[in-house]
Amino acid sequence: MGLSRRLIQGLAVAPLLMGSALAAPFDSATVRRIIDGREVYIDKQQAKVNQKADRGQQISTGSSRTELLFDKRAIGFLGQNSLITLGQECFRLNSGRVLVNGPQASCLGSKVLGVRGTTYVLSSTEDGGYDLAVLTGTATVGEAAAIETAMAAEEEINILSTYPSLSPVVGLGSSAWGSNAGGTSLGQAAGLVLGDLSFFTPIIQENSSSLLYSYSTGSSNFDGFWGASSEVGYTWYDPNNQSSNTLLVGYDGWQIPGCFHSQIAVGGQIERNRWQFSANGGIPSDNCEDSLGFAIARVGIPVVNLGERSIHLSLAPYVMHGLGNQYGGGRIGVNVPVGNALEMNVYGQYDELLDTVVGGQITYRFATAGRFVRDPNLPSPRQKSPLPWQNQSFNNGQPIQLAVGRQQRVYSDVGEQLLSQAGETVIEAGEEASFNSNGDLIRKGAISRERFSELVVSNLEGQNLLPESHAIAESYKRLYGSTSPSLQAITGVDWMIAAQTPFPRLRADNNLVIPEDKLPKPPVVEQPVEEDEDELTYTYVCKNNAGYYPNYNLSDATRFTTTDQGSASCSGKTVSGSSTTPEFI
């Protein structure tokens, strides 16, 4: 009876086999990357990157590991001391372990392991059997005809086109700061409150592991103070240590009464295990007298984990240059993310030039595509966005769904129905099973939280990100109700968050000016006192009191002038006789 049913199913799906499965036979596997040495071989000959192995050949490893591309339909990570044999429609794991992302079948004895939207880990056992763990999607083990038919009903896609991508992001918020420096400070804006608008735009993305982006901000208090900043940055994920790295160059300009300030900005940041190490600086490019150049280093310490993100305590020494002098100082701050949308930070700093400065910023960010990460490996959720044109769901009941230009993975119900009818063994995400050497099921059960993390970390450590790396992290969160920092780092979730989070360049960092009361005072120039041309003067001659003039000419007598007749006196003046009085002439 069972045989008759299988024959009927085989005849019913023969057209599908001819039109789909046979149209795309398994041809080759390409070595894309070799890590942990060079011990990767094709038919026992040392392999090179980009070298292909055809059906019938064997790929093996010693102490090294390798990344394989199966005909652009799937990506595989072959572990250490492992060996696979390539067949026409499937590969056979002879020893070791392999992780596969994508619709690539594997032979288990006389049975076939088929997948749909799946990342699985297959390991060989000492007795010739197999252990299978499914991280995402669904895997099915059964007779070759039924499995091949079900997989033939799936849509043929290029696995390299299914990497997630980051969406453009708009930010709305406000920033404020003040200083107790004498006089007016911080751009003559003590206590200034600004409204902020920002735009994050991905320019070029590659395999969810590198991104060229632009980030622009504008701010104003709508009363004479305004500024704008723009930067172009490159950020990438390093699989060797799961770090996120960023370099940027930008321009800042801001208007204050008296002068328009501008500067060139440069910076860089490394983030690993949620620890952040960054440095940035600004070089003035204006002729304003109160311009400041600066350089600041920052260490961000994760103090409290909030799911996918953390509260950071930041410590930042800095140095400023202006008026021909150097001024050192320090800053301490706290950054609090509320999900991926809302972010708040406060800080305080001190130095000899600006004295004490305190400030803060709050920003609400939303993705223009409705999701910060567009992942074709995940179901399209109902869109949640403040934008009117984003308040509709792409889940419209149609068999094919498209969202913001990204190709969606479509799974056919035909294959699922055939497998259900055939009574094959189905293993869902979060489950693992053991099979004997013939492919018969021995046991099946749920994967523990610790086991799931161990499988991900041991297989992905040091490897490039998979198209379903983000989906693996989401699968873990769905299965166990929480996130894992180590799993987030190794699946690139931390990198995707860091890539679309603005570089920590607050306006108080890059828009500093010398306080007005600290600028050099111009020299005081004394004005000459002008004499009053109408002022009268009086001329006197000194005579003796005997009533006669001495024997000298009047022109030789002692004479003097004064503007006050009441103060005229001959005291101390040389005149013949012992007593003299002044006489007006």
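**Strands and disulfides, question by question**

Strand 16 (residues 192-206) and strand 17 (residues 210-220) run antiparallel and are joined by 11 bridges. This is a predicted model, in which local features need pLDDT of at least 70, side-chain atom pairs count only at pLDDT 80 or more, and totals for chains, interfaces and linings use all residues. Residues are numbered from 1 along each chain as its sequence is written, and side-chain values use heavy atoms, with hydrogens and water left out.

Me: Why are strand 16 and strand 17 called a pair?
Reply: Two strands pair if DSSP finds at least two bridges between them, and strands themselves are DSSP runs (E, at least two residues) numbered from the N terminus. Here 11 bridges join the two, so strand 16 and strand 17 pair. Ile-204, for example, has Leu-212 of strand 17 as its bridge partner.

Me: What makes Cys-90 and Cys-107 a disulfide?
Reply: The term asks for a pair of cysteine sulfur atoms within 2.5 Å. Theirs are 1.8 Å apart, so the pair counts. Cys-90 sits in strand 9 and Cys-107 in strand 11, so parts 17 residues apart in sequence are tied together.

Me: How do you know that the disulfide of Cys-259 and Cys-288 is left-handed?
Reply: Its torsion about the S-S bond is about -75°, so it is left-handed.

Me: Why is Cys-259 called partly exposed?
Reply: Buried means under 20% relative accessible area, exposed over 50%, and partly exposed in between (1.4 Å probe, protein chains only). Cys-259 has 24% relative accessibility, so it counts as partly exposed.

Me: What about Cys-288, buried or exposed?
Reply: Cys-288 has 9% relative accessibility, so it counts as buried.

Note on methods:
Helix = DSSP H or I, 4+ residues; strand = E, 2+ residues; numbered from the N terminus.
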